[in-house]
Amino acid sequence: MSAQRYATSPEVVKLEGDFEHHMVHTRGIRLHVAVAGNPSNPLVLLIHGTFGGWFDYKEVIAPLAAAGYHVAAIDMRGYGMSDKPPQTPGDEMRIATGDIAAVISSLGHSKAVLVGHDTGGTVAWACATHYPEKIHALVSISAAHPTDLRAAVRRRPWDFMPIIGRITIARLPSQFLSRLSSLRAPTWRKSLEFDTTTKFHRTNAFKETLELRLKAADIGHAMPYIVHNSRLLTPRLPVSFQQDALVTAPTLLIHPKQSLWNPIVTLSRKRVDADVTELSIDEAKNLPPIEQPERFLAHLANYFKTVLG
């Protein structure tokens, strides 16, 4: 009997809060965004990673809007409440960056600040190089441009074994992986444990985050997209993308205090032809919007005042 019969409704991620849920019609599909703030204010677009969804930013949407920004947290194509059309193999990054550029326009803006974590960060980097005219600023949370991350992995593979494992698994047929439902809960738990501090693992917030992420993974037809999303970490970019293209917008690099980030930061700084700011957030690892939302907000607010006025 097919497990798909018992798939969860997308409504499980339609959480209540000081934001509104909109379906943005663009490029022939509908993408879900949780939105708050005055549309006349600068747009801040929040992009999640492989194991998350728009809800990874649920604690920061309303406060950012109150600080004077039009804020939108997106469910990437195939995730949450967004449409899940048949996939086109080999075009993952072109499609992902095109979706982000189109959402900016559909929300009534010519530019946005892109804030991305994990694969959402690699998409934000690629978008900033391919659509520079649409980017006010870039905030990279434990992420890098895919070409730079691939170079760092190639030079010191022993530092990036979790990423290598994810990329390898992402290349397997999604139909095969989707059947391994018994591995889903431990895999999602390990991912969240890896991205957060030991102290956070003992909190109710950890349990609630894991439960919500697992519910999102059970949404009908979402799993193939989740499986393939890790391919966005280190792809060879399409010919239309210049591998050595520069980011010309101010860039904020947020990452934990770990030595493995040193070579990535070096490559990231070389890629940015603008001001670069680097920081770590106390008592947070790779998911500060979840672990330390107040501290994350404070840093973003200060940074946005500098780059947006």
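The face of helix H13 turned away from its buried side carries the exposed residues Glu 294, Lys 305 and Thr 306. Buried means under 20% relative accessible area, exposed over 50%, and partly exposed in between (1.4 Å probe, protein chains only). This is a predicted model: local features need pLDDT of at least 70, side-chain atom pairs count only at pLDDT 80 or more, and totals for chains, interfaces and linings use all residues. Residues are numbered from 1 along each chain as its sequence is written, and side-chain values use heavy atoms, with hydrogens and water left out.

**Helix H13**

- H13 covers residues 293-308. Helices (H or I, at least four residues) and strands (E, at least two) are DSSP runs, numbered from the N terminus.
- Its 16 residues reach 21 Å from first C-alpha to last, close to the 22 Å expected at 1.5 Å a residue. The expected span is 1.5 Å times one less than the number of residues.
- Pro 293, Phe 296, Leu 297, Leu 300, Tyr 303 and Phe 304 are buried in H13. They cover an arc of only 135 degrees around the axis, which puts them on the same side of H13. The arc is that of the directions from the helix axis to the C-beta atoms.
- H13 lies across strands E3, E5, E6 (135-141), E7 (251-254) and E8, and runs at about 150 degrees to E6. Axes are lines fitted to C-alpha atoms, for helices over the stretch in contact, and angles run from 0 to 180 degrees between N-to-C directions.

**The sheet**

- An open sheet of 8 strands has the order E1-E2-E4-E3-E5-E6-E7-E8, with mixed pairing. Two strands pair if DSSP finds at least two bridges between them.
- E1 (20-26) and E8 (276-279) stand at the edges with a single partner strand each, so one side of each is left without a neighbour in the sheet.
- Neighbouring strands of this sheet are turned by 20 degrees against each other on average, direction ignored.
- E1 and E2 (residues 29-36) run antiparallel, joined by 7 bridges. His 21 stands opposite Ala 34 in E2.
- The hairpin of E1 and E2 has 2 residues between the strands, and Arg 27 takes a positive phi near 55 degrees there.
- E3 (residues 43-47) and E5 (residues 112-117) pair in the parallel sense over 4 bridges. Val 44 stands opposite Val 113 in E5.

**Core and contacts**

- The largest nonpolar core has 98 residues. Such a core is a set of buried Ala, Val, Leu, Ile, Met, Phe, Trp, Tyr and Cys residues joined through side-chain atoms within 4.5 Å.
- Leu 46, Ile 61, Ile 100, Leu 114, Val 115, Val 139 and Phe 304 touch the most other members of this core.
- Leu 45 is found in strand E3 and is buried, with a relative accessible area of 0%. Residues up to four places away in sequence aside, Leu 45 touches Ala 72, Ile 74, Ile 100, Val 103, Ile 104, Val 113, Leu 114 and Val 115. Contact means heavy atoms within 4.5 Å.
- Val 123 is found in helix H3 (residues 119-130) and is buried, also at 0% relative accessible area. Leaving aside neighbours within four places in sequence, Val 123 is in contact with Met 76, Met 93, Ala 96, Thr 97, Ile 100 and Leu 232.
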